[in-house]
Amino acid sequence: MSPRVCKACGCAEIDLDQARGNAVCTNCGSVLEDNIIVSEVQFVEGSGGVTSAVGQFVSSDGRKPAAP
């Protein structure tokens, strides 16, 4: 669970979608954050020459999300 609390309904169950870059309340659907960015990006090469970007999540309040 995330340490965030929805300002609209008070629910603490927040869905953090790092692929889309947003945080949404699972109770009322309010978008708490959007366009979430990473503070540092690193590129790594995997098997078969596939390159991936690796980053660290940074929320608007500067806290890292809780581990799933």
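**View 1. Strands S1 and S2 side by side.** S1 and S2 run antiparallel and are joined by 4 bridges; strands count as paired if DSSP finds at least two bridges between them. Strands here are DSSP runs of E, at least two residues long, and helices are runs of H or I with at least four residues, numbered from the N terminus. Across this pair, Ile-14 sits opposite Cys-25 in S2, and Leu-16 faces Ala-23 in S2. This is a predicted model, so to speak of local features we need pLDDT of at least 70, side-chain atom pairs count only at pLDDT 80 or more, and totals for chains, interfaces and linings use all residues. Residues are numbered from 1 along each chain as its sequence is written, and side-chain values use heavy atoms, with hydrogens and water left out.

**View 2. The whole chain, for orientation.** The protein has 5 strands and 0 helices, which gives β-β-β-β-β when read from the N terminus. Of its 68 residues, 21% are buried, where buried means under 20% relative accessible area, exposed over 50%, and partly exposed in between (1.4 Å probe, protein chains only). The accessible surface is about 4,900 Å², and carbon and sulfur atoms hold 49% of that; areas come from the Shrake-Rupley method with a 1.4 Å probe, and for residues only the protein chains shown count as cover. If you look at contacts between residues at least 6 apart in sequence, 17% join residues at least 24 apart, with contact meaning heavy atoms within 4.5 Å.

View 3. Mean pLDDT for the protein is 78, and 68% of the residues score at least 70; pLDDT is the predictor's confidence in each residue, from 0 to 100. Which strand has the highest confidence, and which the lowest? S2 comes out highest at 92, while strand S5 (residues 51-58) is lowest with a mean of 71. Where pLDDT is low, the predicted coordinates should not be read in detail.

**View 4. The open sheet.** Three strands make an open sheet in the order S1-S2-S3, with antiparallel pairing. Strand S1 (14-17) and strand S3 (31-34) are the edge strands with a single partner each, so one side of each has no neighbour in the sheet. From one strand to the next, the twist averages 10°, taken between N-to-C directions on a scale from 0 to 180 degrees, with axes as lines fitted to C-alpha atoms (for helices, over the stretch in contact).

**View 5. S2 against S3.** Strand S2 (residues 22-25) is joined to S3 by 3 bridges, again antiparallel. Ala-23 has Glu-33 as its bridge partner in S3, and Asn-22 stands opposite Asp-34 in S3. The two strands form a hairpin with 5 residues between them, and Gly-29 in that turn has a positive phi of about 85°. In a regular strand the side chains alternate between the two faces of the sheet. S2 is covered on both faces: Asn-22 and Val-24 are buried on one side, Ala-23 and Cys-25 on the other.

View 6. Gly-21 lies in the loop between S1 and S2. That hairpin has 4 residues between its strands, and Gly-21 shows a positive phi of about 80°. Is Gly-21 buried or exposed? Its relative accessible area is 5%, so Gly-21 counts as buried. Leaving out neighbours within four places in sequence, its contacts are Glu-33, Asp-34, Asn-35 and Ile-36. The C-alpha of Ile-36 is 4.6 Å from that of Gly-21, with 15 residues of chain separating the two.

**View 7. Asp-15 on S1.** Asp-15 is part of strand S1 and is partly exposed, at 43% relative accessibility. Not counting residues up to four places away in sequence, Asp-15 touches Asn-22, Ala-23, Val-24 and Thr-26. From Asp-15 to Asn-27, 12 residues along, the C-alpha distance is 9.8 Å.

View 8. How many disulfides does a search of the whole structure find? The count is 0, where a disulfide is a pair of cysteine sulfur atoms within 2.5 Å. For Cys-6, the closest cysteine sulfur belongs to Cys-28 and is 3.7 Å away, too far for a bond. Cys-25 is in no disulfide either, and its nearest cysteine sulfur, in Cys-9, is 3.6 Å off. Cys-6 is buried at 3% relative accessibility, and Cys-25 is buried at 2%.
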